[in-house]
Amino acid sequence: MAAVFLVTLYEYSPLFYIAVVFTCFIVTTGLVLGWFGWDVPVILRNSEETQFKTRVFKKQMRQVKNPFGLEIANPSSASISTGITLTTDCLEDSLLTCYWGCSVQKLYEALQKHVYCFRISTPQALEDALYSEYLHREQYFIKKDSKEEIYCQLPKDTNIEDFGTVPRSRYPLVALLTLADEDDREIYDIISMVSVIHIPDKTYKLSCRILCQYLLPTQGQFHDLKQLFMSANNNATPPSNSSPDGESTDRSLLEKAGLSESDVEPPEESSKDCVVCQNGTVNWVLLPCRHTCLCDGCVRYFQRCPMCRQFVQESFALRSQKEQDKDKLKTL
């Protein structure tokens, strides 16, 4: 009956043509404007709409507690001849072991041994992996939650004034932090932290700084600890004690060492507000640029970082929704 009705409508009524044309028009319009949710590559599609629909992979993160903290106190006064002062902040009783003149090659071989051979959870384990390829060793006991200042210096009888020209075969100082109590190693995922520290000398006068820090977990990997770049607060600029001549000298020395300025970017004055809406709390880290500048509401609209315009490959949240709800309840 339906076929007979359509044939009759086709022969005797122009409404059939009108209905067919109207249906084709509606279907074509829906495909062009994306009404059906299909990603059709049509030139007439809005480029911004296509950008918003592009999915940025959200990285699954696992929260771990790092029991170690290490900073340089008064880096401007540190040198090979006068020594260096380190500030520690550890959650448990720990051991700080400093290796002066540690071999660059042996250090990275030791990190690989932590992955494939044995775990570096004690100073002796690292020394076995280094094959004693260092010039001098110092060790200090660090009490729990005490922000102690530890003064380290090469003995004068070593007669070392510099470590040669760049590229060097030895790091000026490598600091190892390990847990002093064996029972604490069963509690924390991170069992040790290796910090590579540059100290200026007569040959290489780049200012004192931590070049890199490696966290060594019990699972047998090592992770390079990176700084997150928070959005800058334009209302407050941190004071700078360095002169333009000193900054240009540091920049040229960094180029000689093969380090880019982004690897040692100075800390910025942080702001907790999203750079887009200026209302939400910053919660998302964009990778690989590591800018932390977007809130939960704005992050889904960006394929490029709003700070540096680099494409976002991955992103992860600093705090889960449950943690944010707990903070809100505490403030009420």
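**Backbone exceptions in the loops**

Ser132 lies in the loop between helix H5 (123–130) and strand S5 (136–142). In this predicted model, the phi of Ser132 is near 60°. That is a positive value in a residue other than glycine. Most residues other than glycine have a negative phi. The relative accessibility of Ser132 is 49%. Exposed residues are those over 50% and buried ones those under 20%, so Ser132 counts as partly exposed.

Arg309 also has a positive phi, near 65°. Arg309, too, is a residue other than glycine. The loop that holds Arg309 runs between S13 and strand S14 (314–317). Strand S13 spans 291–294. At 46% relative accessibility, Arg309 falls between the limits of 20% and 50% and therefore counts as partly exposed.

Peptide geometry was examined next. Most peptide bonds are trans. The bond from Val166 to Pro167, however, is cis. Its omega is near 0°. Pro167 sits in the loop that links strand S6 (149–152) with strand S7 (170–179).

A cis peptide bond also joins Leu287 to Pro288. Here omega is near 10°. Pro288 is placed in the loop between strand S12 (284–287) and strand S13 (291–294).

Conventions:
Residues are numbered from 1 along each chain as its sequence is written. This is a predicted model: local features need pLDDT of at least 70, side-chain atom pairs count only at pLDDT 80 or more; totals for chains, interfaces and linings use all residues. Side-chain values use heavy atoms; hydrogens and water are left out. Helices (H or I, at least four residues) and strands (E, at least two) are DSSP runs, numbered from the N terminus. Buried means under 20% relative accessible area, exposed over 50%, partly exposed in between (1.4 Å probe, protein chains only).
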